[in-house]
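The following exercises are to be worked through with the structure in view. Each task is followed by a solution in steps.

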Amino acid sequence: MLPTIPYSERLDALAFDPTRNQRKALYRFNRFIIEGESDGPQGVDSEATGTTAASEKTPNAKKPLKCKPRKQVFSLVDSIHEPEASFRSPDDPSPKYRLEITLEMASYTVEKFELFKDYQFHVHKETDKTSYGFKRFLCDTCLVPTPIPYSGKPPNSLPTMYGTYHQLYRIDGELAAMSVIDILPNCVSGVYFVYGHKWEKCQLGKLSVLREAALAREFYAAGLKELKWVYLGFYIHSCQKMRYKGDYSPSYLLDTETYNWYPLNECTPILDKYRYGCFSNPSHSANEIIHHKVPEKKQKEMEGVMRATIRGSEMASSPVSKMPLSIWASYKQSILQTVDALGPDVSRKGYSMNLGRQAIGPTAPTQIIDIRFDADCKIFTCSTPSGFAVYRSNPLTLVSEREVKGGTLSIILPLHSTSLLFLVGGGRSPRYSRNKVIFWDDALGKEVAELEFSGDVMGLACRRQNLAVALKRRVVLFEITNTVKRLQQWETTENSRGLVAFATASGSTLLAFPGRQTGHLQLVHLPPCPAPPLDSTPGSSRTYQSPRLKPVPLRRDPLTHLVAHTSALSTISVSPTGRYVATTSETGTLIRIWDTDKGKNSHEFRRGIDQAHIYGVAFRPDEKECCAWSDKGTVHFFSLERLNRTSLLRHVNAIFQSNYLSSEWSYAQYRLPTPPAHVAHSLSQTNRLGIAHPDAGDDEKWTVGWIEVPPKPTSPVRNKSPLPSTRGVPLSPSRSNRQGAYRPSSPLSPQAPPEPEYQLVALTYTGGWYRLSLPRFTEPSERSGTPEPYQGQGRNNQGRTSAVPMDSSSQRSSDSKTSTSRRRNSDAQKMDSTSCQVEEFRRFGRWDGWG
């Protein structure tokens, strides 16, 4: 049996002629407003209108005023506006009740929400309505307000912008009803209508349709000749509550196969007979799914042939013989031609081969909603439709997993490496309201606290003992100890990205978020961040020395405001000590580094020349480098200590002398090779690591974080006497800093604890985990473009002075070979010095058995 089928319905407002019953409902309501009948329309009592029954029966009461004599020719627009206070002239007698009809852009108020709850309770018997659900249902809209192109000056009663509106009905100041409508270039679309239960007998729902038809006529009369339709929503023939829409004529229903409109009076005979009606081809109408019949000549050839339907990254299959008749009619010719061209055998194997799309198989891709590192990048959280998990960043280890029922989460932020997580609901079916922050103790496995706000939570940031919540136009700061205490809040410009960032090192004080103007940055100095507790985790002891950076001393006149960009900010990042703040804008080409101690722009890095969406900027823990990653699938590495003005356009810059091309550029890049999940799952491990698949998307979402890895072990070096071949030859600075270089100080040189090596972990939203090692930064020579090991002349490959005499011809031949070899080695070294190495690749999210 087919389910109930809804059909879109629209009404021709220009040709609409209200029926006798619809006119009577309008006359009764007008008479009630103007004359103040005791019973009201259809028996509305006096209590509903705020008057007492005694006053109505007083003999000395004034006689009710008479409404205007109706004209012989019915005018819908005049009759609709007759009782409204704004349309009555001063000469008209004062009405009994004051009726005000106003149009305003859709917005939330407590008064509207209370009316909505009253309607849902008395009409639909629903009691679990929340303000958040009301906002999502009747206030939030995807329509962008756009000016309406009137041919002349429009009447004051008409709006000036397209968009979603609330049409409010007020009787003596009380909100009696509200109509939610969309005003579009070719129609007025009715979305929803609510009214107070005590006005139920006024038939306000019927009057709202008449008012929307009158509004469409007014738009048409004001010069909008295409705006003549009123969309009434869905028409369900089998539902008695929805069939009332058929009383408005002339109405049209949308055919679901051809998307053409057909008169309702021609559609109802088909719908009386069939549950599914096809108005363009009545033979397709049915009460149950009807399968087509394959021609007898083709029946044997079509046996076993499957039809595959691809939706995104998933594929469903069904036998061709089971295709619905309506679909078979559309694809019959192409299917038969394909089978004839491939032959029966190949056609049957087509599904197993997937016709070259080997990536699409029975394995569903990983669906990751959110990924976030903690402040130290020791752990990260992963949110999926099934729940969330916590992983150790390196080595990749699943620490815990939680199944979440009843919805999904859009933000899971860990408080450093503790068991406290901050959760925010999101996705199509949020687990929690978007205006709440849930404190989750993963050790206890339960919620321990909750914060609720008046607006949606856009972003979070935390450090030890503090949590910052970014709302759309403000940032709120909390203190987190044994209790949660609200400390302060600041106003911001529109912050839909939820930008807010802390300095998280011990003793740091900085909090950064957008300013009150576009492109501006606010800096707030808080009490010093507490030191972390001792790490007692087994196996956490280190054999190498991690750098301890001193927090930036607070100036007497601390910097509180920066004009960072001219366009809206897209990311804000703060270094661990708070010395540097990185900002990017929506343009996506510049990364500006601000020195908060000196109060100036210390670096301006250029990611590229084309526009991109930069996902974030991350500072290395020792604050000597930073990296930025974008939707182009590349991560760029910049040095904060060395200047790199080398770019692919440096030769063009020499000609045009452009400051644009003389910016600081990245010294190394890495391009994400991961294809989409449904493609990557079928690739070999080698291809995943090193070769970008041709189907890989350039805009795959991902995030990165810096990690510390122990350096490779080295043994103490005993300095021996210098070799004769190198005696008297000074070592270059880059060689003299290497371990094992000649130092004539003492026969035994004790080694200091080695410094850690910094690497990068990249996480993709398709479940890819990459550990990347960086190239060593080499300074370009000022005398030539050749790297340092090849700058000496008259030296052989060992760096010694050549003493073998050569004639001029052999010298030229040798110089030519040496020059060619040097160029090749130089190019190879340049490539090695600007490319990252993938040390390890793994999967998370479902490949570890969770999900």
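This is a predicted model: local features need pLDDT of at least 70, side-chain atom pairs count only at pLDDT 80 or more; totals for chains, interfaces and linings use all residues.

**Exercise 1.** Compare the reach of helix α4 with the expected value.

*Solution.* Step 1: α4 spans residues 110–124, that is, 15 residues. Step 2: at 1.5 Å a residue, 21 Å is expected. Step 3: from first to last C-alpha, the helix reaches 20 Å, which is close to that expectation.

**Exercise 2.** Identify the buried residues of α4 and the elements against which they pack.

*Solution.* Step 1: the buried residues are K112, F113, L115, F116, D118, Y119 and Q120. Step 2: these residues pack against the helix α5 (131–139) and the strands β2 (99–105), β4 (161–171), β5 (174–184) and β6 (187–195).

**Exercise 3.** Explain why the buried residues of α5 lie on the same side of the helix.

*Solution.* Step 1: in α5, Y132, F134, K135, L138 and C139 are buried. Step 2: these residues lie on the same side of α5 because they cover an arc of only 165° around the axis. Step 3: their cover includes α4, β4, β5 and β6.

**Exercise 4.** Decide whether A461 is buried or exposed, and list its contacts.

*Solution.* Step 1: A461 belongs to strand β20 (residues 459–463). Step 2: buried means under 20% relative accessible area; A461 has 7% relative accessibility and therefore counts as buried. Step 3: leaving aside residues up to four places away in sequence, A461 touches L413, N466, L467, A468, V500, A501 and F502.

Definitions and conventions. Residues are numbered from 1 along each chain as its sequence is written. Side-chain values use heavy atoms; hydrogens and water are left out. Helices (H or I, at least four residues) and strands (E, at least two) are DSSP runs, numbered from the N terminus. The expected span of a helix is 1.5 Å times one less than its number of residues. Buried means under 20% relative accessible area, exposed over 50%, partly exposed in between (1.4 Å probe, protein chains only). Contact means heavy atoms within 4.5 Å. The arc is that of the directions from the helix axis to the C-beta atoms.
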